[in-house]
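The sequence and structure are shown first.

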Amino acid sequence: MKIDINKFSFFIASTGSLNNYGSTLTSTKSALSTKDLSYLKDQADQDLFKDIQNGVNAIISTGFTVQGIIAINQQFTNSPIEAPTLPGHLRNYMYNEEDNVHMIAERSYSPNRRLLHPARYCY
């Protein structure tokens, strides 16, 4: 499967922005196209970059199913910020406050952007 580097760069920067990813779209694109992580701002960005890339690879091979989501969760091993406290389980913020996540619903870096809040339970 061929991935559009421009779109994938935007995806990495957008997803990473939830955890203070500070590298620019240009540096993210350079890191993707050359496979050289030194283009990224710092080690924290490099770790998020690798985790996001691994998560996308997991969903490509597994499919977007419950097992695919669990496979993504298991890929976050580089960045301590994103490391799941219960790897291999779906998120449930009722018993794990760290699972209270939001998803960006519009293409904007504005702090006023719309966010989607998941249901209490994700099965």
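The numbered points below move from the overall fold to the individual helices.

1. Basis of the note. The model is predicted: local features need pLDDT of at least 70, side-chain atom pairs count only at pLDDT 80 or more, and totals for chains, interfaces and linings use all residues. Residues are numbered from 1 along each chain as its sequence is written, and side-chain values use heavy atoms, with hydrogens and water left out.

2. Overall fold. The protein contains 4 helices and 2 strands, in the order α-α-α-α-β-β from the N terminus. Helices (H or I, at least four residues) and strands (E, at least two) are DSSP runs, numbered from the N terminus.

3. Burial and surface. Of the 123 residues in the protein, 30% are buried; buried means under 20% relative accessible area, with a 1.4 Å probe and protein chains only.

4. Nonpolar core. The largest nonpolar core comprises 12 residues, including F8, I12, L32, F49, I52 and F76. Helix 1 (5-17), helix 2 (25-34) and helix 3 (43-62) each give two or more residues to this core, and helix 3 provides the largest share, 4 residues. Such a core is a set of buried Ala, Val, Leu, Ile, Met, Phe, Trp, Tyr and Cys residues joined through side-chain atoms within 4.5 Å.

5. Helix 1. Its 13 residues reach 18 Å from first C-alpha to last, close to the 18 Å expected; the expected span is 1.5 Å times one less than the number of residues. F8, S9, I12, A13, S14 and G16 are the buried residues of helix 1. At the start of helix 1, a side-chain oxygen of D4 comes to within 2.8 Å of the backbone nitrogen of N6.

6. Helix 2. S27 lies in helix 2 and is buried, at a relative accessible area of 12%. Leaving aside residues up to four places away in sequence, S27 touches Y39 and L40; contact means heavy atoms within 4.5 Å.

7. Helix 3. The end C-alpha atoms of helix 3 are 28 Å apart, in agreement with the 28 Å that its 20 residues should span. Its buried residues, among them D45, L48, F49, I52 and V56, pack against helix 1, helix 2 and helix 4 (66-75).

8. Ends of helix 3. D42 caps the N-terminal end, with a side-chain oxygen 3.3 Å from the backbone nitrogen of A44. Just after helix 3, G63 adopts a positive phi of about 95°.

Conventions. Buried < 20%, exposed > 50% of the residue type's maximum accessible area, 1.4 Å probe, protein only. Polar contact = N/O pair within 3.5 Å; in protein donor to acceptor, adjacent residues only side chain to side chain.
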